[in-house]
Amino acid sequence: MAASRPSPRTGSRSQTMAKTLYYQALTGKTLYAIDTGLLREGVSAAQQAAGVKTIAETHVADGLWMSKAGVLYITSPTNDSITRLVGDRVEPVLTDKRLRWPDTFSEGPDGRIYVTASHIQDTSWFKPGAPASLPTALFAFDPAR
């Protein structure tokens, strides 16, 4: 598998100056990582491919977030939930039926994690006759310490 730049259909997360890029396909269930040093000019595709590591089997995910505390959070649109990576597995952080298709993360200066609920599965793309636009929501939670 050659490393490539994340596309809109790929969940990915790499912080400025981070040494690792975590990524997975939107509909995939495998989380990968690559050292960001392998993504620079002059590194061959073969070297990049050799540097890709399988990290964990996960679930369908649309957003990844590496917190300031070093915890990787993963959205789970099919379960209205957020999970986090613990070693080589994921564990639930929160589940809420109002968290319809959790999508994009951010982190506040106080360390709270924010996540949008985009309601994609409620749109006319999936439900003929649904309104042209739907309200979205913003959730916040305190990460486990």
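Phe105 touches Gly63, Leu64, Trp65, Tyr73, Ile74, Thr75, Ile82, Ile113, Tyr114, Val115 and Phe141 when residues up to four places away in sequence are not counted, a contact being defined by heavy atoms within 4.5 Å. The model is a predicted one, in which local features need pLDDT of at least 70 and side-chain atom pairs count only at pLDDT 80 or more, whereas totals for chains, interfaces and linings use all residues. Residues are numbered from 1 along each chain as its sequence is written, and side-chain values use heavy atoms, with hydrogens and water left out.

Of the 145 residues of the protein, 43% count as buried, where buried means under 20% relative accessible area, exposed over 50%, and partly exposed in between (1.4 Å probe, protein chains only).

Four of the strands form an open antiparallel sheet in the order β5-β6-β7-β8, pairing being assigned if DSSP finds at least two bridges between two strands. The edges of this sheet are β5 (64-66) and β8 (89-95), each of which pairs on one side only. Strand β7 (residues 81-86) pairs with β8 in the antiparallel sense over six bridges, and Ile82 stands opposite Leu94 in β8.

Four aromatic pairs are present in the structure; rings of Phe, Tyr and Trp (its six-membered ring) pair if their centres lie within 6.5 Å, and planes under 30 degrees apart count as stacked, over 60 as edge-to-face and the rest as tilted. The pair formed by Trp125 and Phe126 is tilted, because the ring centres are 5.3 Å apart and the planes stand at 45 degrees. Trp125 counts as exposed, at 65% relative accessibility, whereas Phe126 is partly exposed, with a relative accessible area of 45%. Ring pairs link these two residues and Trp101 into a cluster.

How values were computed. Helix = DSSP H or I, 4+ residues; strand = E, 2+ residues; numbered from the N terminus.
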